[in-house]
Amino acid sequence: LLFPHVLRELAKHPQIHIRDLKDLVIASLELSPEESAERVPGGASRIRSRVGWAVTYLVQAGAIERPSRGILRATGFGTELLAGPAEGMTKKALDKSAGIIAWSKRSKDNSNARRSAKNAVAGADPSGDEEYDIENELIKDDDDETSFHFFFNDTASTEIYTVTPQSIE
């Protein structure tokens, strides 16, 4: 479980670049050379990817904030998690946080919007009457606490979001 390692290393610094945080977390894990050398199918380091996912999850949960690009710092919530019982730093516990609940809703809304737009382009019924079940499309891996799976089964949302360019001024 990487959440405690990430928060412990982050607590040692007022703020830190994500690249440096990943290096510190990986060093704290005392991995074997074989474990350190593992790669994902795309060729990237598996452990760096896992630490990145842990950081992303903690950001979405509200335990870490990004004051500027690439820079991370712990929030009050992150400090509370670190001081609290280890059970509070599991994915299951974080899934109940307001940040993760909001992130899941945004993800579901975005998925529904993309599906509706795709159906509209393909000439399908854009009303969303057909049921979408992503659970059947994902492999569930309960043993791997760094895997992040979201299961949605919602037919009500057919709203399409648009983005309008804004001035940098």
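1. Two strands count as paired if DSSP finds at least two bridges between them. In this predicted model, an open sheet of 3 strands has the order β1-β3-β2, and the pairing is antiparallel. The edge strands, β1 (16-17) and β2 (64-68), each pair on one side only.

2. Strand β1 and strand β3 (residues 71-74) run antiparallel to each other and pair over 2 bridges. Ile16 has Leu72 in β3 as its bridge partner. In general, strands of a sheet pair through backbone hydrogen bonds, either parallel or antiparallel.

3. Helix α4 packs on the sheet and touches β2 and β3. The direction of α4 makes about 95 degrees with that of β2.

4. On the overall fold: the protein has 7 helices and 3 strands. Along the sequence the pattern is α-β-α-α-α-β-β-α-α-α.

5. The aromatic side chains deserve a separate point. With ring centres required to lie within 6.5 Å, the count comes to 2 aromatic pairs. In one of them, Phe3 and Tyr57, the ring centres are 5.8 Å apart and the planes stand at 20 degrees, so this pair is stacked; the cut-off for stacking is under 30 degrees. The pair links distant parts of the chain, with Phe3 in helix α1 (residues 3-11) and Tyr57 in helix α4 (residues 46-61), 54 residues apart.

6. Are Phe3 and Tyr57 buried or exposed? Buried means under 20% relative accessible area. Phe3 has a relative accessible area of 2% and is therefore buried. Tyr57, at 0% relative accessibility, counts as buried.

7. Tyr57 also forms an aromatic pair with Trp103, with 5.5 Å from centre to centre and 65 degrees between the planes, which is edge-to-face. This pair, too, links distant parts of the chain: Tyr57 lies in helix α4 and Trp103 in helix α7 (residues 98-122), 46 residues apart. Trp103 counts as buried, at 13% relative accessibility.

8. Which residues do the ring pairs link into a cluster? They are Phe3, Tyr57 and Trp103. Tyr57 takes part in the pair with Phe3 and in the pair with Trp103.

9. Some totals for the protein follow. Of its 169 residues, 33% count as buried. Among contacts between residues at least 6 apart in sequence, 58% join residues at least 24 apart. The accessible surface comes to about 10,700 Å², and 52% of that surface belongs to carbon and sulfur atoms.

Note on methods:
Residues are numbered from 1 along each chain as its sequence is written. This is a predicted model: local features need pLDDT of at least 70, side-chain atom pairs count only at pLDDT 80 or more; totals for chains, interfaces and linings use all residues. Side-chain values use heavy atoms; hydrogens and water are left out. Rings of Phe, Tyr and Trp (its six-membered ring) pair if their centres lie within 6.5 Å; planes under 30 degrees apart count as stacked, over 60 as edge-to-face and the rest as tilted. Helices (H or I, at least four residues) and strands (E, at least two) are DSSP runs, numbered from the N terminus. Buried means under 20% relative accessible area, exposed over 50%, partly exposed in between (1.4 Å probe, protein chains only). Contact means heavy atoms within 4.5 Å. Axes are lines fitted to C-alpha atoms, for helices over the stretch in contact, and angles run from 0 to 180 degrees between N-to-C directions. Accessible areas come from the Shrake-Rupley method with a 1.4 Å probe; for residues, only the protein chains shown count as cover.
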